[in-house]
Amino acid sequence: GHVFRLEDYRPSDYLILETSLVFRLSPEATRVTATLTIERRDGVAASAPLVLDGDGLTLVRIAIDGRELQPAEFLATPDQLTISQPPSAPRFQLLIETEIAPAGNETLMGLYRSSSVYCTQCEAEGFRRITYFLDRPDILSVYTVRIEAKLDEAPLLLSNGNPAGSGDLADGWHYAVWHDPFPKPSYLFALVAGALGKVADSFVTMSGRTVELGIFVEPGKERLAGYAMDALKRSMRWDEEAFGREYDLEVFNIVAVSDFNMGAMENKGLNIFNDKYVLADEETATDADFANIEAIIAHEYFHNWTGNRITCRDWFQLCLKEGLTVFRDHEFSADQRSRAVKRIAEVRTLRAHQFPEDQGPLAHPVRPRRYREINNFYTATVYEKGSEVVRMIRTILGTDAFRAGMDLYFERHDGEAATIEDFLKVFEDVSGRDLSQFALWYHQAGTPNLTVSSTHSPAAREFTLEIEQSVPPTPAESRKRLMHIPLAFGLVGADGRPVAYSGVDGATVEDGVIHIRKRRQVVRFSGVAERPAVSLNRGFSAPITLSVEQKADDQFFLAGHDSDSFSRWQAFNTLLTDALIAAFRQILGGGEPVYIARLTELAGRVAADEALEPAYRALALALPGEADIARDIGKGIDPDAIFSAREALALAIAKANEQAFSSLYDRLADKGPFSPDAASAGRRSLRNILLDYLTLLPEGTELAARHFRSATNMTDRAAALTVLAHRHRGSPETAKALADFEAKYGSDALVMDKWFQIRAGVPGPQTVETVRALTKHAGFSMANPNRVRSLVGTFSSANQTGFHRRDGEGYRFFAETVLEVEKRNPQVAARLATALRSWRSLEPVRQAKAREALLTIASAENLSADLRDIVERTLA
Ligand code: DPP
Ligand code: ZN
């Protein structure tokens, strides 16, 4: 396929100043009439052809300035419309009528139907499935949209911007007009038409304007949209307070649909959401669902400024809007909930999703330089690492200069399609700093590693850190340049207090941050009488790995005393990881894993430490996941050995702390009415992790079954069902709980997704057969992304022992299924296929089987660009 390169960017010859669209909606044959005001860019020759993008389009007619074009005057293929001799006047009107079939559109890109609702998804290149257009983000146009539909089929007609008229038409049809005064790229276009229920509210902005808010859901589900509405209003307020950003239209609408490729989409004034991230109550949603809804509502809302008012020049700049907006939603959640807990959760997510990407064949820079299929670059690197890069800018500049830089960004680039260079420049301008070395975070792939060792000389009263940086090679980038890494640190004394030092040289140390810029840096702290423990990368100031020569004593000390809550969690987590890796090796060597009492006792102390928030204690007690352990081991992975090591540690911790865990479990039981707030959710998460441990002990099955029966909310119910299904497979209690759950929620697709997920996650070689059988379940559908992700996605990306079954059956099922999904939805199939990105780190037998599965996919006929790109890069 064609390779797009950053260096090939050039502005288009023509602009589209105004876009007027008329939709006459019908499932099989929707007519779209586009009237485009086109302007030749200054300095472009009048002879320059006008070439518009299309994707599977059927042209009905075409006219310029009111004159129908003759066949010889244009060339229309499904994928392109070329007018080789446009008018010589610098400005003209082009009318294009196309016919499209939303009903048969299973790609869920462009205009499609979800249930019986018409809806759109245009990012990145879906608009070209609606009409011929300059479908690129640097073409900003003012849109007026008229929608015509049968009143009984689609009483509700929505598009971007403000309402601008509506009325009845002949034969039971009606229409509505929407006008969006803010010029926008085509990927932000949206249309929704159908019968939907509405939740209405309003918001008064900082300057006193009233904005009408609407959340539209399947009729009858209005009651489930209350939390999303509350999150929306809190997001609007927060963006005013934290960034001075006010909403700019008269209305803001959100629509929830059940067939959606992504989480949600930030279309101007009309966000479209996967209903999983809107609908919630205690009966059907877990605390994690509530937190996700809050974060995603905020994320899409925040895009109104970072993405919509200032958009991207081209798709290489995707991180300009995504990394920045993720950073903003992280800060929002940190302010709404617990900052310490949020940071740990973010880092766990980054390590689980971005690190393996950065360390495998799909590694790419936060701002990629080339792509074949842009859909495959909505990645953890662009989003999550992109956010970390913005966070580092704030660490380097400080909070005030960072905010000044953001203000300048909004002021300087409002209404523009910008680049990463523009973004970095505002921070250079407000701070006077040179960020050219720092910019490598955007340009260079791979996770940097710092090797750190320390020495202390009591005689010289000097403490020395020796730090060496390396950036591993990644595909197409074998040689790396040295990075600027802001490493927050602390020297911790025996009493747990910070150790004072009288001087430091050898490196720039500023406000508790060492600025690493060279390959090898030596930092000498003078006036240090006693050897301190070093706390490194506090708050996870840089997205790196650390190899530290650290005594276990120091690690235990920091796990109990580090004043930085992230680093304290990290110290404990490192102890757990080290113990698990040692146990893995013992098991491979034919031995039994042994865990020291000091570690299991520490787990007990963390659980009981009332000075720590329950949510924090829950995160500390959650053992590193099997995939996390595999990533840290790096190669020769045998998932069965990792599983055994992890189960053995969980059992050792449970045995060592049975009494304490049990009484804490009892004390944490929910009292009073349900609340989704962070503190209540934290108590539930601690109690549910204690349940997880306690059910490893005798009578665990009965305890889990009791927890399931007495649950008064989905968080507890799903936690108990998970424990039963994953730990007590085959027990009558488990069979009964699974059946009860299905009987109760069988008709609620989003809740059944949890049931599919739990069943797909059951460890062990038998699960591939279960999952295969469940693809025939009445509630499952290969056409719905949520169902596919719950069942097949969970199995392939979250079930290490099931998916990586030694005989390769998991991979065979995976290859078949990816190809089956691909026939309908290439984008979802390509995402699914990334589950094998770390195949080279497997032990040789599994590695060979995994490769066979990838080759099966690669050799299938008529492979989509999406899937071909992923499998070819994975195999390369
Ligand atoms: N809708 C997706 C997001 O908000 C892509 N822009 O990240
Ligand atoms: Zn986004």
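**Terms and the values behind them**

Author: The shell around ligand 1 divides into three nonpolar, two polar and four charged residues, where Ala, Val, Leu, Ile, Met, Phe, Trp, Tyr, Cys and Pro count as nonpolar, Asp, Glu, Lys and Arg as charged, and the others, Gly among them, as polar. This is a predicted model, in which local features need pLDDT of at least 70 and side-chain atom pairs count only at pLDDT 80 or more, while totals for chains, interfaces and linings use all residues. Residues are numbered from 1 along each chain as its sequence is written, and chains are lettered from A and ligands numbered from 1 in the order in which they are written.

Reader: Which residues are around ligand 1?

Author: They are Glu123, Met262, Ala264, Met265, Glu266, His299, Glu300, His303 and Glu322, a residue being near if its C-beta atom, placed from the backbone, lies within 6 Å of the molecule.

Reader: Why are α5 and α6 called oblique to each other?

Author: The axes of α5 (residues 380-397) and α6 (residues 399-413), which are lines fitted to C-alpha atoms over the stretch in contact, with angles from 0 to 180 degrees between N-to-C directions, cross at roughly 125 degrees. Angles under 35 degrees count as roughly parallel, over 145 as roughly antiparallel, 65 to 115 as roughly perpendicular and the rest as oblique, and α5 and α6 are therefore oblique.

Reader: What makes β29 and β32 edge strands?

Author: In the open sheet ordered β29-β30-β27-β32, β29 (508-510) and β32 (533-536) each pair on one side only. Two strands pair if DSSP finds at least two bridges between them, and β29 and β30 have three.

Methods. Helices (H or I, at least four residues) and strands (E, at least two) are DSSP runs, numbered from the N terminus.
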